[in-house]
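Please keep the structure in view while reading.

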Amino acid sequence: MPKLDLAQIPYQGGSGYPGKLAEAVSGRSSQRIGDASGLSQFGVNIVRLEAGGLSSLRHYHMQQDEFLVILSGACILIDDQGEHAMQPGDCASFPAGEANGHHLKNNTDAPATFLVVGTRTPTETAYYSDIDMMVEMDAEGSSFTRKDGSPLTADQIGDET
């Protein structure tokens, strides 16, 4: 099935972030077109950001490369060097292991979309630039902790217990 029918691939919302941290990306959804086409070596997604939406918490990957191109609308790329306006056709890349925390924000009143391509590795560690959090991923799933490996606090994730 080389040609994909994007109308048949649903957008999915939600986040793996723990507790209240998931609220930050409530305006994000994605079409997992790489999964739908059976790709296994890299991921390919079309991400939709609603007005005011964030693509993620600002982060960087240790094992996985990441590349994106804006398809529609306008976003602001926020990284360690500042804010960069992104229009359709603009691209950005984030090599594995480069400690440059990044995310996109849609500051407009209309939706924006971008294509993101990333390496798939058996394990991954990512760090979050603006908060004391990292995630480790493997075949068993994801584990969010503080950067030193200790558990996240109830205050960090909004748990009442």
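## The surroundings of Asp79

In this predicted model, the side chains of Asp79 and His84 make a polar contact at 2.9 Å. A polar atom of the Asp79 side chain also lies 2.9 Å from the backbone nitrogen of Gln81. Asp79 itself belongs to strand β6, which covers residues 75-79.

Leaving aside residues up to four places away in sequence, Asp79 touches Arg58, His84, Asn100, Gly101 and His102.

## Salt bridges

Side chains of opposite charge can pair when their charged atoms come close. The whole structure contains 5 salt bridges. One of them joins the side chains of Glu50 and Arg48, with N and O 2.6 Å apart. Both partners are partly exposed: the relative accessible area of Glu50 is 32%, and that of Arg48 is 29%.

Arg58 takes part in a network of salt bridges with Asp80 and Asp130. The side chains of Arg58 and Asp80 meet at 2.7 Å, N to O. Arg58 lies in the loop between β3 and β4, whereas Asp80 lies in the loop between β6 and β7, so this pair ties together parts that are 22 residues apart in sequence. In the salt bridge between Asp130 and Arg58, the closest N and O atoms are 2.9 Å apart. This pair links distant parts of the chain, 72 residues apart, with Asp130 placed in the loop between β11 (124-128) and β12 (133-138).

## Pairing of strands

Strand β3 (residues 42-49) pairs with strand β2 (residues 28-31) in the antiparallel sense, over 4 bridges. Within this pairing, Arg28 has Leu49 of β3 as its bridge partner.

Strand β3 is also joined to strand β10 (residues 112-119), and these two strands run antiparallel with 8 bridges between them. Here the bridge partner of Gly43 is Gly118 in β10.

In soluble globular proteins, nonpolar side chains tend to be buried together. The largest nonpolar core of this model has 13 residues, of which Leu68, Ile70, Met86, Leu104 and Phe114 touch the most other members. The elements that give two or more residues to this core are β3, β5 (66-72), β6, β8 (91-94) and β10. The greatest contribution comes from β10, with 3 residues.

Which residues does Leu104 touch, not counting residues up to four places away in sequence? Among them are Leu68, Ile70, Met86 and Phe114. Its contacts also include Leu49, Gly53, Leu54, Ser55, Cys75, Ile76 and Leu77. A second, separate core has 11 residues, including Leu21, Leu57, Ala126 and Met133.

Note on methods. Residues numbered from 1 in each chain as written. Predicted model: local features only at pLDDT ≥ 70, side-chain atom pairs only at ≥ 80, totals over all residues. Heavy atoms only, no water. Polar contact = N/O pair within 3.5 Å; in protein donor to acceptor, adjacent residues only side chain to side chain. Contact = heavy atoms within 4.5 Å. Pairing = 2+ DSSP bridges. Salt bridge = Lys/Arg side-chain N within 4 Å of Asp/Glu carboxyl O. Buried < 20%, exposed > 50% of the residue type's maximum accessible area, 1.4 Å probe, protein only. Core = buried A, V, L, I, M, F, W, Y, C linked by side-chain atoms within 4.5 Å.
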